[in-house]
Amino acid sequence: MALFDLPLDELRGYRSASTEPEDFDAFWAKTLQDSREHDLDARFEPVDTHLTTVDVYDVSFAGFGGHRVKGWLVLPAGATAPLPTVVEFIGYGGGRGLPHTHLLWASAGYAHFVMDTRGQGSAWGGGGDTSDPVGGAPAFPGFMTRGIDAPENYYYRRVYTDGVRAVEAARSHPLTDASRTAVLGSSQGGGISIAVGGLVPDLVGVAPDVPFLCDFPRSTTITDRDPYREIGKYLKTHRGRAADVQRTLAYFDGVHFAARGRAPALFSAALEDLTCPPSTVFAAFNAWAEDDKQIEVYEFNDHEGGGPYQEAAKLRWLASRL
């Protein structure tokens, strides 16, 4: 697919038409308050992986509703002092996978916490281990319309809360430095990192790559590629529900979390990306509140974005902040 979205000079000034709910902050404050009534109960069990350069822990903690969420903590082998910490969120359909697929950040000297995504982990990669025990109203297959009947029921209310609790779990380990914590992820993981960046005030870096879950009014109409298209397919059946659906989605739009982002940020966008169109990425980037922000643009790439080039960019960028 050649360039299909706005020209780059227009992208740099583009602003979303998404309307922020008046009770956005109250909604999220109450959500996190309710979840913190459950003991975090972070557990770290050593795992024998036959890897000699890293130490790995099988993690679980209490996420939304006290539900157990899995993860990995990967540390440079033999670490004895608290390390700067990277918390990573996973792309749509994937799970935490296997430990040997998470070696980059520990190899660079960081503590690396990988959060499993509830109910996912069965579409690609090495699988996931976290269930989503919450039922919901009728939905289109996938995750985008689960509980979309009301903000209180929506699937990503649980996922974003899990993300905040993942940061808290990572910081609870004695070999992580809570004062030097960054979050990152690609696609869905990028969208979660933006949400967490807006909800956790003291991060030192947020690095979302080709982020998903941004600028819903545009993203649900500009592309016919899943996962955004799940919403259109739902509305194709549930005629006349578009306004109600957009009202729910407004509580989860990365644009509104970005407006609360206070950490330095490194975004990336791909101009031929049909999955997360570049205008929706720039909508969140342009809304990011912290002045210390930059975006890497990959002109001839689809949703793979910068791939290893962006990993190198993040290594350089985080080295200056962690």
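This is a predicted model: local features need pLDDT of at least 70, side-chain atom pairs count only at pLDDT 80 or more; totals for chains, interfaces and linings use all residues.
Start with the largest nonpolar core. It holds 72 residues, and Phe113 and Tyr156 touch the most other members. Helix α4, residues 155-171, supplies the largest share of this core, with nine residues. Beyond its neighbours within four places in sequence, its contacts include the aromatic residues Trp28, Tyr92, Phe143, Phe212 and Phe252. Met144 and Leu213 also touch tyrosine 156, as do Gln120 and Gln188. A second core is separate and has 11 residues. Among them are Leu266, Trp317, Leu318 and Leu322.

Next comes the helix pair. Two packed helices are described by the angle between their axes and the distance between the axes. For α7 (residues 228-237) and α8 (residues 242-250), the angle is about 145° and the axes lie 10 Å apart. The crossing of α7 past α8 is right-handed. On the α7 side, the contact is made by Ile231, Tyr234 and Leu235. Ala242, Val245 and Leu249 meet them from α8. By class, this contact has six nonpolar residues, with no polar and no charged ones.

Now turn to helix α10, residues 278-287, where threonine 280 is found. Is threonine 280 buried or exposed? Its relative accessibility is 0%, so threonine 280 counts as buried; the cut-off for buried is under 20%. What does threonine 280 touch, not counting residues up to four places away in sequence? The partners are Cys214, Asp215, Arg218 and Ser219.

Key: Residues are numbered from 1 along each chain as its sequence is written. Side-chain values use heavy atoms; hydrogens and water are left out. Axes are lines fitted to C-alpha atoms, for helices over the stretch in contact, and angles run from 0 to 180 degrees between N-to-C directions. Helices (H or I, at least four residues) and strands (E, at least two) are DSSP runs, numbered from the N terminus. A crossing is left-handed if the near helix is turned anticlockwise from the far one by less than a right angle, and right-handed if clockwise. Contact means heavy atoms within 4.5 Å. Ala, Val, Leu, Ile, Met, Phe, Trp, Tyr, Cys and Pro count as nonpolar, Asp, Glu, Lys and Arg as charged, and the others, Gly among them, as polar. Buried means under 20% relative accessible area, exposed over 50%, partly exposed in between (1.4 Å probe, protein chains only). A nonpolar core is a set of buried Ala, Val, Leu, Ile, Met, Phe, Trp, Tyr and Cys residues joined through side-chain atoms within 4.5 Å.
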